[in-house]
Amino acid sequence: MRRIASSCKSGMLGSKRLQKQCDVSQSLNITLSSHLNLEMNVVTPFDPWKGKFCTCPPKYSFSPYSGCSHKCLYCYATSYIKVPESRPKANLERRLMRDLIKINRELPISMSNSSDPYPPIEASLGLTRRCLELLLSRGLKVMIITKSNIVVRDADLISRGNCTVSFTITTLEDGLASIIETGAPKPRDRLKAIKCLSQMGVPCIIRVDPIVPGLNDDEKKLRRLIEEVVKCGVRHVSSSTYKVKPDNLARMIKAFPDKAKYWHELYYEEGFRHGSSRYLRDDVRLNLMKMVKEIADDFGVTFSTCREGFTHLTTSTTCDASHLIPLRIKVRGLR
Ligand code: SF4
């Protein structure tokens, strides 16, 4: 949170829109900071990698599961969560209720940032559903991020609550998706889920994240992808370039050995280190993000970058689309 504030002070985050977001961030930071010292358990302040490139407004993060069965090759979370499959967190509802008493109820809860809340096991366990019942019935704001069409099962809850759903789709090609997102549902199943939720009035967002050079950065294919999701009802496009960590690069190179030299040059010879990740050169990242923005513009939906710092490309009020959360239920007592 301090990083967001210092980024604002240093003027690193340019535009008027961003400045407005920073003002909001700074005022909410005060509230959020006052909660940082309270013992939290499963609901934690969102602050990924404490990086200067993250421009998210303050929010909380909550993951019903540890680890992720979707097994995306490019996953960043595997560098710090060494759990091979999605594992439900123990006593989750009790811990969630205990944490909810302490949080700032004005802030949204992002669910989830380090594991998908709808892994295959959720279809039988219903753990995420029970947590959603607790959160949405109390008027809390929830931002679901998933690659799974299992989320449609909970459309009854989601469409009545203060909730958005972001679907990550990196390609429409089943073959490529089955390699890079081995355990996740097919892209076309995610499209159907977007259509279903959108028709029920749920604000849907697409995350084209990550864009990997040489793999899914073809302009024509990205144009088709965005055209399809917009047809299904998506209202906002967020995108990000692939960030290399040693473990995710090793998996990617194992699957695409012919790209090893290319990615090594891009990330280790020309790129730079930021935190524990390696980034593409600024102009390479900027060109990729500009390309996606222009496609989003063409299809009449708003755009933002994620963890890139290119706030001048953002055409929405918030980079995480939290401005799309509908206020359908007034926040209620949590005890
Ligand atoms: S869905 Fe997200 S958390 Fe799960 S493996 Fe893929 S990138 Fe990692």
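**Close-up views of the sheet and a helix pair**

**View 1. The open sheet of the predicted model.** Eight strands, in the order β1-β2-β5-β6-β7-β8-β9-β12, form an open sheet with mixed pairing. Its edge strands, β1 (43-45) and β12 (302-305), each pair on one side only. Strands pair if DSSP finds at least two bridges between them; strands (E, at least two residues) and helices (H or I, at least four) are DSSP runs numbered from the N terminus. The model is predicted: local features need pLDDT of at least 70, side-chain atom pairs count only at pLDDT 80 or more, and totals for chains, interfaces and linings use all residues. Residues are numbered from 1 along each chain as its sequence is written.

**View 2. The pairing of β9 with β12.** Strand β9 (residues 236-241) pairs with β12 in the parallel sense over four bridges. Ser 238 has Ser 304 of β12 as its bridge partner.

**View 3. Helix α8 on the sheet.** Helix α8 (residues 187-199) packs on the sheet and touches β7 (163-168) and β8 (204-211). Contact requires C-beta atoms, placed from the backbone, to lie within 7 Å. The direction of α8 makes about 160 degrees with that of β7; axes are lines fitted to C-alpha atoms, for helices over the stretch in contact, and angles run from 0 to 180 degrees between N-to-C directions.

**View 4. The packing of α3 and α5.** Helices α3 (residues 92-100) and α5 (residues 127-136) pack at about 25 degrees, with their axes 10 Å apart. The two helices are therefore roughly parallel (angles under 35 degrees). Leu 92, Glu 93, Leu 96 and Met 97 of α3 meet Leu 127, Arg 130, Cys 131 and Leu 134 of α5 in this contact.

Technical notes:
Two residues are in contact if their C-beta atoms, placed from the backbone, lie within 7 Å. Angles under 35 degrees count as roughly parallel, over 145 as roughly antiparallel, 65 to 115 as roughly perpendicular and the rest as oblique.
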